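Dear colleague,

Here is the structure I promised to pass on to you, and below it I have written up what was found. Please keep the structure open beside this message as you read.

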Amino acid sequence: CGNEGRLRTYGVWGVEPRLRATSRIAGVEGETDFGVRLHAERQDREQRNGDLPRSRDGVLVEQNVREADAASAFVQHRFLLGRLTLTPGLRVEGIRYRRTNQLANGGAGVSGETRMTQWIPGVGMTAAPTPAITVFAGIHRGFSPPRTEDVINNSTGGVVDLAPELSWDSEIGIRWMARAGGAIEATWFLMDYENQIVPASLAGGAGATLTNGGQTRHQGLEISGRVDSAAIA
C-alpha cells in the first residue's frame with residue numbers, strides 16, 4: 001500500500017546572542033566568550049495510508065503534534081600565550097519535549113512531556129612553532145539528544161527509557177601552509193561513545209525500537225590538501 005505523510009504546519013525559531021571580553025591578568029592576555037541560545041520547534045504531522053502504491057490519500061493513521069524547546073549557555077576563555085593558545089570551555093544544555101497524539105483515546109488525544117539537562121566541558125589547544133606550521137589538539141564532551149518521537153511513546157504518552165548519546169571526542173593534528181595558496185592538514189581523531197542510540201531489532205527494519213547500545217569506539221585519520229590557484233598566480 002502507499003502512504004502519504006505530510007507536515008500541516010512546521011515552525012522553528014531561535015536566537016543566539018554572544019558577548020566577548022578581553023582581559024590581561026598577571027601579564028597574560030585573554031579573551032572570554034559568553035553566549036546563550038534559545039531554540040524552539042513545533043511540528044504538526046499527519047499520515048494517511050492508501051490501498052495503492054501511488055495513493056496520495058487514504059485512512060488517517062497518525063496525527064501528531066511534536067514540540068521541542070531548548071535553552072543553552074556557554075562560557076569559554078582563550079589564554080593567549082604567545083604562539084600557544086589554550087581554550088577551556090563549558091556549556092549546559094536543557095531540552096523540553098512534548099508530544100500529543102490527537103487520534104488516541106477515541107479522538108480525545110494523549111500527551112506526554114519530559115526534560116533533560118546535560119553539562120558539556122571541553123578544552124582545545126593550538127601552537128604555532130613556525131609561521132607555516134600549526135599544531136592543534138582538543139578533547140570535548142559530545143552530546144546528541146534523541147528526537148521527540150523517540151523519547152515519548154505515541155500510544156500512552158509515557159517517557160521511553162532512552163538516554164542521550166554521550167561521547168568523549170579527541171583529536172590531534174598538524175596544518176602546514178606549504179606556500180602561498182597551498183596547505184596540507186592531517187588529523188587523528190577518536191570518539192568514545194557511552195550509550196549510542198541504535199535500533200533494538202537485529203535487522204533494524206521499519207518500526208524497530210531504538211535503544212542505547214552501550215560503548216562504541218570510532219577512530220581514524222583524516223588527510224586533506226588545498227591549492228588556491230588565485231593566490232599562486
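A residue is called buried when its relative accessible area is under 20%, so Arg66, with a relative accessible area of 11%, is buried. Please bear in mind that this is a predicted model.

Arg66 has a partner, since the side chains of Glu62 and Arg66 meet in a salt bridge with a distance of 2.6 Å from N to O, and Glu62 is buried as well, at 13% relative accessibility. In general, side chains of opposite charge can pair when their charged atoms come close. Glu62 and Arg66 also belong to a network of salt bridges that links them with Arg45, Arg147, Glu149 and Asp150, and a search of the whole structure finds 21 salt bridges.

Glu46 counts as buried, at 7% relative accessibility, whereas Asp57, at 49%, counts as partly exposed.

On the surface there is also a nonpolar patch, formed by Ile172, Trp176, Ile184, Trp188, Leu221 and Ile223, which together have about 630 Å² of accessible area. The strands β8 (165-179), β9 (182-193) and β12 (216-227) each supply at least two residues of this patch. Trp176, which lies in strand β8, is partly exposed, with a relative accessible area of 41%.

Technical notes: Residues numbered from 1 in each chain as written. Predicted model: local features only at pLDDT ≥ 70, side-chain atom pairs only at ≥ 80, totals over all residues. Heavy atoms only, no water. Patch = residues over 30% accessible without salt bridge, like charges linked within 9 Å, V, L, I, M, F, W, Y side chains within 5 Å. Areas by Shrake-Rupley, 256 points an atom, 1.4 Å probe, with all protein chains shown as cover. Salt bridge = Lys/Arg side-chain N within 4 Å of Asp/Glu carboxyl O. Helix = DSSP H or I, 4+ residues; strand = E, 2+ residues; numbered from the N terminus. Buried < 20%, exposed > 50% of the residue type's maximum accessible area, 1.4 Å probe, protein only.
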